[in-house]
Amino acid sequence: MTDAPVRTLLLWCPDWPVIAAEIVDGVPATGPVAVLHANRVVACSERARADGVRRGLRRREAQGRCPQLTVVDHDPGRDARAFEPVVAAVEEVAAGVEVVRPGACALAARGPSRYLGGEEAAAERIVEQVAQACAVESQVGIADGVFAAGLAARDGRVVPPGGTPEFLAGLPVEALGRPALTDLLRRLGVRTLGDFAALPAGDVLARFGFDGALAHRLAAGRDHRPLAVRQPPVDLAVTADHDEPLDRVDAAAFAARALAEQLHDRLAAHGLACTRLGIEAVTAHGQELHRVWRHDGLLTAAAIADRVRWQLDGWLSGSTGRAGARPARPTAGIVRLRLVPDGVLARSGLQPGLWGEIGEERERAHRALSRVQGILGPEAVVTAVLGGGRSPADQTHLVPWGDERLPARPGPPPLPGEPAAGGAAAGTPPWPGRLPPPAPAVVLPSPLAATVHDTAGEPVVVNARLAVSAAPARLTVGTARPVEIVGWAGPWPVDERWWAPAEARRRARFQVCLADGAALLLAVEAGHWLVEAIYD
């Protein structure tokens with residue numbers, strides 16, 4: 001690939017996760033709204049920013065700055081589904097639109113600028129089209145390359161041809177969108193993209209690795225498409241014909257997952273990986289639907305399936321913009337679905353094992369579990385994902401097989417001798433009051449009522465200062481016979497959500513060993529004892 005980037009027009013819809021929540025769920029975007037993922041703000045409305053809410057804030061801090069804040073969970077599927085009418089509106093004016101991510105789409109600027117009377121006229125026409133068709137505010141940036149066009153769109157700017165390096169040079173390194181790299185560059189005295197671009201490429205690769213080298217190319221104004229991208233052979237596309245038209249999103253999603261795995265396996269057999277995915281569908285009435293999804297990295301089988309599912313949801317749900325009915329729901333179900341790897345590159349570093357293919361057992365298990373899901377539904381097969389939390393029930397989150405394995409809460413660094421929790425990152429503070437290891441083997445879905453007595457037969461109580469009235473001696477669970485307690489540890493206090501009286505919860509937990517060899521996790525809350533978990 002040549003180093004000369006393509007002149008690119010990028011349309012960007014500010015605060016798109018907030019706008020998507022308004023379109024799909026009816027959450028007013030004019031009020032203070034924040035979209036949260038892993039307990040941190042990933043997007044917020046203009047009203048919330050005026051009250052001091054910023055991306056990266058924890059939920060508690062964001063609500064402290066803006067008590068009236070409306071919190072919405074991050075949903076990539078919702079964002080993609082709501083963005084489909086915007087892309088369709090852009091296609092009314094220009095062809096060859098690529099979805100960069102929900103809220104941003106790009107296309108080559110040469111075509112629309114030639115027949116609309118220049119780049120500025122093309123930008124104004126596309127913004128006007130989106131506003132009229134979808135009642136969505138948007139901004140357009142034009143520059144050499146997708147990365148620079150995305151930054152130019154933040155100011156609605158048209159960068160002159162050849163002026164992209166100069167435009168990027170004065171921007172701070174935070175524009176790269178890589179917090180860890182940005183922090184390191186700041187500490188090394190590199191504060192602008194121009195300073196970073198001036199460093200020798202070989203030294204950047206040796207010091208910061210491949211991702212740093214890619215960021216260095218971006219800072220220098222070169223297109224961020226991966227090197228060696230080429231048009232794939234025609235036989236790499238995969239097609240599925242359906243005798244019964246697919247008119248429900250869930251049925252189409254199952255078909256899409258199987259087709260995504262077929263495409264991924266075909267690419268892997270050729271040593272290739274996909275960076276741009278074309279999704280084509282034909283309905284029973286002959287209507288043809290087409291969309292291109294773009295990805296900065298390598299699309300895995302799960303990532304391909306996600307994008308196909310989002311796109312089919314957008315088509316079949318017939319979701320509309322704020323002020324229009326476009327795109328309309330297809331008049332018939334889908335009878336043909338085709339996936340086209342529109343951009344591929346050599347996938348290095350994935351070589352067969354010395355005595356056979358790597359992960360064959362995992363692949364067989366994946367196919368078997370996917371088949372069970374196809375019969376019983378996606379929620380029939382789930383896997384546990386570890387995350388943060390103070391109790392064992394909070395630290396485990398069940399997700400359907402094949403979905404992204406993200407913890408429900410950010411995980412802390414592991415304690416000594418404890419495996420890392422999902423989503424744990426260096427520098428993340430631990431959860432105050434969480435149980436020490438080892439973790440219990442069985443977490444009861446509903447805690448069992450119990451009573452604890454001392455040697456004199458009096459109930460054991462824990463006061464507000466966490467003082468235990470007497471040493472626990474006997475435990476009675478439900479109507480069972482009392483069992484002697486031969487060892488205990490605690491209490492470990494938990495005082496959660498004290499700032500929200502309706503959700504506040506205060507309790508203390510104990511670990512106890514019984515005379516019959518059992519070990520239990522107990523909790524006392526409002527004077528009542530409960531059995532929460534069982535140790536192996």
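In the predicted model, W293 is buried, with a relative accessible area of 4%. W310 likewise counts as buried, at 14% relative accessibility, since both values fall under the 20% limit applied to this class. The structure holds five aromatic pairs. One of them joins W293 and W310, whose ring centres are 6.0 Å apart and whose planes meet at 55°, so the pair is classed as tilted. Because W293 belongs to strand β10 (residues 288–299) and W310 to helix α13 (residues 301–317), the contact ties together parts that are 17 residues apart in sequence.

A further tilted aromatic pair is formed by F510 and W529, with 5.2 Å centre to centre and 45° between the planes. This pair links distant parts of the chain, as F510 is in strand β17 (residues 505–514) and W529 in strand β19 (residues 528–535), 19 residues apart. F510 has a relative accessibility of 1% and counts as buried; W529, at 6%, is also assigned to the buried class. Ring pairs connect F510 and W529 with W488 in a cluster. An aromatic ring also takes part in a contact with a charged group: the charged end of R154 sits over the ring of W12, at 4.3 Å from its centre.

Turning to the strands, an open sheet of three strands with mixed pairing is arranged in the order β3-β2-β4. Strands β3 (40–44) and β4 (70–73) stand at the edges with a single partner strand each, and therefore one side of each lacks a neighbour in the sheet. From one strand to the next, the twist averages 40°. Within this sheet, strand β2 (residues 33–37) pairs with β4 in the parallel sense over four bridges, and V33 has T70 of β4 as its bridge partner.

Antiparallel pairing is found between strand β14 (residues 442–453) and strand β15 (residues 474–477), which share four bridges. Here the bridge partner of V452 is L475 in β15. β15 and β16 form a hairpin with five residues between them. In the turn of this hairpin, G478 has a positive phi of about 60°. In general, the strands of a sheet pair through backbone hydrogen bonds, in either the parallel or the antiparallel sense.

Key:
Residues numbered from 1 in each chain as written. Predicted model: local features only at pLDDT ≥ 70, side-chain atom pairs only at ≥ 80, totals over all residues. Heavy atoms only, no water. Pairing = 2+ DSSP bridges. Helix = DSSP H or I, 4+ residues; strand = E, 2+ residues; numbered from the N terminus. Axes fitted to C-alpha atoms, helices over the stretch in contact; angles between N-to-C directions. Phe/Tyr/Trp six-rings, centres within 6.5 Å; stacked < 30°, edge-to-face > 60°. Buried < 20%, exposed > 50% of the residue type's maximum accessible area, 1.4 Å probe, protein only. Lys NZ or Arg CZ within 6 Å of the ring centre and 35° of its normal.
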